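Hi,

Here is the structure I promised to pass on.

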Amino acid sequence: MHGPFAELCAGFEFCGRAADDAPAFLLHHGHPATARHVADVAAAARQLALRFAIDPQQAETGGWLHDISAAIPVSRYISLMQSLGLAVLPEETLYPRILHQRLSAELAQAAFGVQDADLLNAVRHHTTLRAGASHLEMIVFVADKLAWDQPETQPFLAELTAGLEISLE
């Protein structure tokens, strides 16, 4: 591998299966909690996909890959975005952590070989979502919220769960 992710991927052997590569990659970089989280999100995404008639394999893959940028120190996010030629919004400059979703998509494409645009968009927008989101994007977004791994509580969980009884949207 060459380019901005070469150093990050050095010494890691990819097998080509996200369910194996993503957690192993995160463990390789010392992120066991994130490896557990992506497993939880992948499982939740698969369940949601089956429930809402979306490709379960694609949804699960989105879950596995959505936080792979955790292997990159947050202090490098802005410079890495710039080296990739990607714009950084003023809000992202104030809170660089939000860039993890975009960097995960870039890493999924460059290192994990993902070429599917819908899958890359699901990873790219899993934290903030976006207007006009595809069903796959919604699945990965919701699965990430259902598999919450932050120290704060999930004040939205009851409403989210109730909303899912009506529709994915």
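Below is what I found, going from the whole chain down to single residues.

A word on ground rules: this is a predicted model, so note that local features need pLDDT of at least 70 and side-chain atom pairs count only at pLDDT 80 or more, while totals for chains, interfaces and linings use all residues. Residues are numbered from 1 along each chain as its sequence is written, and side-chain values use heavy atoms, with hydrogens and water left out.

**The overall picture**

The protein chain has 10 helices and 0 strands, where helices are DSSP runs of H or I with at least four residues, strands are E runs of at least two, and numbering starts at the N terminus. The pattern along the sequence is accordingly α-α-α-α-α-α-α-α-α-α. The radius of gyration is 15 Å, close to the 15 Å that the globule rule gives for 169 residues, so the chain is as compact as a globular protein of that length. (The radius is taken over C-alpha atoms, and the rule is 2.2 Å times the number of residues to the power 0.38.) The C-alpha trace spans about 45 × 35 × 30 Å along its principal axes.

Of the 169 residues, 46% count as buried; that label means under 20% relative accessible area, with exposed being over 50% and partly exposed in between (1.4 Å probe, protein chains only). Taking contacts with a separation of 6 or more, 54% come from residues 24 or more positions apart. Contact here means heavy atoms within 4.5 Å.

As for the surface, the chain exposes about 8,500 Å², and carbon and sulfur atoms supply 56% of that. The areas come from the Shrake-Rupley method with a 1.4 Å probe; for residues, only the protein chains shown count as cover. There are 10 positive and 20 negative side chains, yet the centres of the two sets lie 1 Å apart. Lys and Arg count as positive and Asp and Glu as negative, without His or the chain ends, and each charge is placed at NZ of Lys, CZ of Arg, CG of Asp or CD of Glu.

**Helix α7**

This is the one I would look at in the viewer. It is mostly covered, with 9 of its 11 residues buried: His100, Gln101, Arg102, Leu103, Ser104, Ala105, Glu106, Leu107 and Ala108. What covers them includes α1 (6-9), α2 (18-28), α4, α5 (77-83), α6 and α8.

His100 lies in this helix, which runs over residues 100-110. His100 is buried at 8% relative accessible area. Leaving aside residues up to four places away in sequence, His100 touches His66, Asp67, Ser69, Tyr77, His126 and Thr127.

**Salt bridges**

I count 7 salt bridges, taking a side-chain nitrogen of Lys or Arg within 4 Å of a carboxyl oxygen of Asp or Glu. Three of them:

- Glu60 and Arg46 have their closest N and O atoms 2.5 Å apart. Glu60 is in helix α4 and Arg46 in helix α3, so the pair ties together parts that are 14 residues apart in sequence. Glu60 is buried at 15% relative accessibility, whereas Arg46 is partly exposed at 28%.
- Arg51 and Glu165 meet at 3.5 Å, N to O. This pair links distant parts of the chain, with Arg51 in helix α3 and Glu165 in the segment after α10 (157-164), 114 residues apart. Arg51 is partly exposed at 42%, and Glu165 is exposed at 61%.
- Glu92 and Arg102 have their closest N and O atoms 2.8 Å apart. Glu92 sits in helix α6 (residues 90-94) and Arg102 in helix α7, 10 residues apart. Both partners are buried: Glu92 has a relative accessible area of 8% and Arg102 one of 18%.

Ala53 falls in the loop between α3 (32-51) and α4 (56-65), and at 71% relative accessibility it counts as exposed. Leu129 also has a positive phi, near 55 degrees, and lies in the loop between α8 (117-124) and α9 (135-146).

Cheers
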